[in-house]
Every structure is written in structure tokens, then in C-alpha cells.
Amino acid sequence: MQQHFLQFSLFTLIFLLISLLHPSTTSAINITSILSNFSDLSGFNRLLSTTSVAGELSGRSSVTLLAVPDRYLYQSEIAARSASVDIADVLRYHILLQYLSPTDLHTIPASGKLITTLYQTTGRATANFGSLNLTSTDGKLMLKSPAPFSPSNTTILSLITTVPYNISIFTVDSLLLPYGFDLTASGYVHPPVSAMNITRILIEARGFNVAASMLEASGVATELEGDERGAGITAFVPTDEAFAGLPATERLQSLPADRKAAVLRFHVLHSYYPLGSLESIVNPVQPTLATEDTEAGRFTLNITRVNGSVAIDTGVVQACITRTVFDQNPVAIFAVSKVLLPREIFGKARGEGVVAAVAPAAGNGAGAVGLPPQVAEMPPTRISSPPGMKGEIVSIAGIKTSGNGWMIWCIGILLSLLV
């Protein structure tokens, strides 16, 4: 009897330790419950509750809400006419798809920062006019449309509450109007939503001409538009500046067509991941569309959160997500700071400084991209740890978890006791 009790206790302890090693994902956001604690936001909370926007927020994490206090809300003509106009898109325009802490707000560059809103994901925003430009002017933090003639702007007043990496709520001094919102009409007429077109999205977002051209010319764009069904896709698209910053030794444009297409597929995950999901991703090593053309374990990306940003490590370069270009289930498109060069193609061959030769993988048919033997022996890739963690993060190939090593050691001891 005592032995059975001891085994039960040990198994319970093991379960608790494993739970610590694999914490659950961020809880869903109940925005109306949070706002109900602030009486001066009752009007804004009522607008959220009477539309579908509150429900849309429940499935997201890592957002920033711009809430309008009653004293400013009731001065707005939109709020007064909310029964006769579609207020939902106006509210979506107040939800930033990025977690911003008070510290983040004080590090805004002089040129400002463009941040995607929930309204941009509906497909009803023209170009990137579903985004907001956050700027700092004379010590004040202001948000306005990136349109040349912004219909409205607002100033951040104060922080209401924050749950790190999940949600921040700031108050602002006026209700924001998306570009194209017509108050004089009896209702807001949404522009028609066209079929998904990856290259059109990139061209309209500006700064992605090279990527759009390469995707179109290679035929990969058509593949992506076909893959958006089902599990969806997540694309990491380098900016024109990222392509311009490629070293002369990385001769991407001179690659054969099949290898160039493999590099483009390497920038795409065959699943839909909004930014919040990437920030809390459980398994950092992710297969790409290029993996599907070869075999498991090749052409993978190591995705982690580093210093408040989503970092992407290829084994050759380390890039980070700079902004959300498009996010509408089942498609997410993010701008990245560097071209993601797969080590299977761009791994340095024993220090010779040239593009490594790539042999077709056996059993995968013509055009499959294989892994050079010298690259297979490369050491595991290391990147900086996220805030609050000690030690270094090492890819799965390294089989090293210094941050949680003591827990794994404890589990090993307990298992040996059971045996």
C-alpha cells in the first residue's frame, strides 16, 4: 500500500514539473470583463459588447486597445449615430495587433512606427490605410492614419492596465476614423473584397517590390494562393532594403530556378499563425513549404521571442519581424528585416566563402533540394534568450535546455527512483 502511494506521489510530482516545462498558452482575452472595472469606459465597453468585435478579440493575444473615455466619446458624432452607421470597423481601428508596453511607447523612432490594426485584417482597408502611424511630437504620443490627409488623429492619455505580452489598454482623447469612412452617408458602405492575391497585397503595402516580383516570376505566388485553404499559410517577406543588404557572396539572383523557388518556399509556414501565436509558439523549430519538397528536419526555421520581438534564425542569418503586412485568417504576412537564407543552400562550405553545392535528396524526385554533408555537421544555432530567461536557447539539434535543466534533472532522478 505504501509503495503504491509513493508511486502515485512521484507521478503527481512529475506531472507538475512537466507542466512547468510546458506552460499553457495565453488565455483568451475577455475585453468586456476587463473594461467593466473602469466606470469612465462604460460607453466604449457598451459599443464593443453590442458588436462582434469583443468576440473577435477573444481569439487573439498580444494586442493593444485604444479605449475612449466617456467624456471624449460622447463628443463624437459617430458615437451619437452608432445606431445608423457601422461602428464595428471604427472599433476595429482601435485595436492594434501588437502588444505595446509603456516602455515600448518611449522608444518610438523619430520617423514613427506603422502598426497594423484589426480593421486591416478585414480586407476592407485601402492599401495599408487600416494601419496607424504612432509618432512622438513634443512629448505627446499621437496616432493617425498613414493616408496623406488623415481624417482624424488621437493622443494617448494614460495606461489603464497591462498583462505582459498579452494585452495593454491605453486611453485616448478621441475616436479614430478609418480612411474612407463617410459620416454623411446613412451607413458605411464597405468596398468590395477582392480574391486573395499575394503579390497585390505586397505591392499595395509598399516596400516589397523585389519579393513580389520574385514570387510572381517563380510561380510560388500561385502556390501560396492555393495553399491558403485548409491550415492556411504564414509568410515572412523581406523588404526591398533587406534584399539590397544581401552580401555580394550570397548570389541569390544567380541561383537556378528550382533553388530560387526553394528559397522562396523557405519563407512560408504551411499553417496560419497570427503575431500573438508566433510570440508564444511552443515548438520553435518549424517546417516550411521547402521542407515538404525534401524531408523532415530540413529547411526549418527556428522561431523564438527575443527582446520583445519575434526572431527567426535560419542557421545562416538571424532576422526579426518588423511589422504585420496582412492578417486575415487563414493568411498572415509579416515583414522581416533580412532575407531568410537556408543553410542547406547558403551554408559556407568549410570556410571557402562560396554557396555550397546542393545535391538532390534521394527518393524525393527531380528538383528536390538536399542537405550537403558538410552542413549536416554544423553546430546547433544559438540565439539570445527571451527576457526573463537565463542561459541560451539552442535548436533541438543541440539537445540543450540550460534554462530548465534543473527540472529535467529532477525528473530523471524521480524516474530512477520508480525503477
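Trainee: Which residues of α10 are buried?

Mentor: This is a predicted model, in which local features need pLDDT of at least 70 and side-chain atom pairs count only at pLDDT 80 or more, while totals for chains, interfaces and linings use all residues. Residues are numbered from 1 along each chain as its sequence is written, and side-chain values use heavy atoms, with hydrogens and water left out. Helices (H or I, at least four residues) and strands (E, at least two) are DSSP runs, numbered from the N terminus. A residue is buried at under 20% relative accessible area, exposed at over 50% and partly exposed in between (1.4 Å probe, protein chains only), and the buried residues of α10 are Ala211, Ala212, Met214 and Leu215.

Trainee: How much space lies in the largest cavity?

Mentor: A cavity is a set of points, on a 1 Å grid over the protein atoms alone, where a 1.4 Å probe fits but cannot get out. Grid points are joined across faces, edges and corners, and the volume is the space filled by probe spheres set on the points. The structure holds one cavity of 30 Å³ or more. The space in the largest cavity is about 110 Å³.

Trainee: Which residues that line the largest cavity are the closest to its centre?

Mentor: A lining residue has an atom within 4 Å of a point of the cavity. There are 14 such residues, and the closest to the centre are Leu215, Phe236, Pro238, Leu264 and His267.

Trainee: Which element gives the largest share of that lining?

Mentor: The elements that contribute two or more residues are α10 (209-218), β8 (233-238) and α13 (257-265). The largest share is four residues, and they come from β8.

Trainee: How many residues of the lining of the largest cavity are nonpolar?

Mentor: Ala, Val, Leu, Ile, Met, Phe, Trp, Tyr, Cys and Pro count as nonpolar, Asp, Glu, Lys and Arg as charged, and the others, Gly among them, as polar. The lining has no charged residue and one polar residue, and its nonpolar residues number 13.

Trainee: Which residues does Thr239 touch, not counting those up to four places away in sequence?

Mentor: Thr239 lies in the loop between β8 and α12 (240-244). With a relative accessible area of 16%, Thr239 is buried. Contact means heavy atoms within 4.5 Å, and by this rule Thr239 touches Gly207, Phe208, Ala335 and Val336.

Trainee: What distance separates the C-alpha atoms of Ile169 and Leu65?

Mentor: Ile169 lies in strand β7 (residues 167-172) and is buried, at 0% relative accessibility. Beyond four places in sequence, the residues that Ile169 touches include Ile31, Leu65 and Ile160. Ile169 and Leu65 are 104 residues apart along the chain, but their C-alpha atoms are separated by 4.8 Å.

Trainee: Which residues does Ser101 touch, leaving out those up to four places away in sequence?

Mentor: Ser101 is in the loop between β2 (95-96) and α8 (102-105). Its relative accessibility of 14% makes Ser101 buried. The residues it touches are Ser168 and Phe170.

Trainee: What percentage of the 419 residues of the protein counts as buried?

Mentor: The protein has 18 helices and 16 strands. Of its contacts with a separation of 6 or more, 64% join residues 24 or more positions apart. The share of buried residues is 47%.

How values were computed
On a 1 Å grid over the protein atoms alone, a cavity is a set of points where a 1.4 Å probe fits but cannot get out, and a pocket is an open set with protein on both sides within 12 Å along at least five of seven lines; lining residues have an atom within 4 Å of a point.
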